[in-house]
Amino acid sequence: MSFRSEKILSLLGEDFQQKSVEDLEALFDHLLKDGIHGLCFSAYEEGQEPGSILSKEQIRRRVEIIKPYIKWVRTFSCTDGNELIPAIAKENGLKVMVGAWLSDDKEKNEEEIEGLVNVVKAGQADLVAVGNEVLYREELTEEELIEYINRVKSLLPEAQVGYVDAYYEFMNRPAVTEACDVLFANCYPFWEGCHIDYSHVYMKNMYYGALGAAKGKRLIISETGWPDKGTAFEGSEPSRENALRYFINTQKWSKEDNIEIMYFSSFDESWKISTEGDVGAYWGIWDKNGVKKYGK
């Protein structure tokens, strides 16, 4: 065993709250290269945003960057070229959690459902998400959402169908939980103002709260992450060190306890500044140009 390998194993077994950024980067590199469960995927390049049309070429460029490190990709939409992502991911040996983006635009919702059904019937989906945080955004009622979920389940009886939202929505809305075959819970200590020192315990509490509500159903953390730049949110501080610490804690837990996590996110996305403030642009493991931000 090399000196570097011995050092990595030593660091993995220690409390690394006081470790140097250099040591944290070595740990990040080790965990990423060892392979992580999955990533939330976006193919948007600089100057693009939702509504921009994605090409097969740009999707392939982005998939090529991330595929050595993951088993799964998660998509968010089945229109405007996003419906091309699952086939390309499958060509590269990846499993796919396919999402249909729902909102208060009922006409667009029909396009999303149609695209989703086509993707699944083509054999390009392993898991299906009908909607993402549409209850959190208050764009659909609980009854409307359940109607969409049940319609997709009837159209795709062999599919594993669920819904993505903040972990507590599954605790507070048993009818939604009951409608799902599988639950997709977003767990963000950052957005609840949690200090980085307590963030891992906080995320575990989020997960196990939702797991209790799941009553034996499969539960996947569909999003979690930490930004490396931007404005603090209450006790949550974006920084390179904190982003590394959060990633390392999350991936160690995922590997040790077999927790399925779609980490957020693959690439930085400048367009998110308009909805999340400056911090929104800096959640990626790779920057907006596809350059890995940490490690070697």
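How many nonpolar, polar and charged residues does the lining of the second largest cavity have? By class, that lining has two nonpolar, three polar and six charged residues, where Ala, Val, Leu, Ile, Met, Phe, Trp, Tyr, Cys and Pro count as nonpolar, Asp, Glu, Lys and Arg as charged, and the others, Gly among them, as polar.

The model is predicted, so local features need pLDDT of at least 70 and side-chain atom pairs count only at pLDDT 80 or more, while totals for chains, interfaces and linings use all residues. Residues are numbered from 1 along each chain as its sequence is written, and side-chain values use heavy atoms, with hydrogens and water left out.

On a 1 Å grid over the protein atoms alone, a cavity is a set of points where a 1.4 Å probe fits but cannot get out, a pocket is an open set with protein on both sides within 12 Å along at least five of seven lines, and lining residues have an atom within 4 Å of a point. Grid points are joined across faces, edges and corners, and a volume is the space filled by probe spheres set on the points.

| Space | Volume | Lining by class |
|---|---|---|
| Largest cavity | about 60 Å³ | eight nonpolar, one polar, no charged |
| Second largest cavity | about 50 Å³ | two nonpolar, three polar, six charged |
| Largest pocket | about 1,100 Å³ | 17 nonpolar, nine polar, eleven charged |

Among the residues that line the largest cavity are F28, W226, F247 and W283, whereas the lining of the second largest cavity includes E45, E46, R62, D268 and K288. The largest pocket is lined by 37 residues, of which W101, N132, E133, R137 and E276 lie nearest its centre. Two or more residues of this lining come from each of the elements α5, α7 (167–172) and α11 (273–276), where helices (H or I, at least four residues) and strands (E, at least two) are DSSP runs, numbered from the N terminus.

Two strands pair if DSSP finds at least two bridges between them, and β4 pairs in the parallel sense with strand β3 (residues 95–100) over four bridges. V128 of β4 is the bridge partner of V98. The chain passes from β3 through helix α5 (residues 106–121) to β4 in a right-handed β-α-β crossover, right-handed meaning that, with the strands pointing away from the viewer, the path from the first strand over the helix to the second runs clockwise. Strand β5 (residues 161–166) runs parallel to β4 and is joined to it by three bridges, with V161 of β5 opposite V128.

**Cysteines and backbone**

With a disulfide taken as a pair of cysteine sulfur atoms within 2.5 Å, the count comes to zero. The sulfur of C40 is 12 Å from the closest cysteine sulfur, in C187, which is too far for a bond.

Most residues other than glycine have a negative phi, and most peptide bonds are trans. The peptide bond from F264 to S265, however, is cis, with omega near 15°. N258, which is not a glycine, has a positive phi of about 55°, and this residue is exposed, with a relative accessible area of 67%.

Note on methods
Buried means under 20% relative accessible area, exposed over 50%, partly exposed in between (1.4 Å probe, protein chains only).
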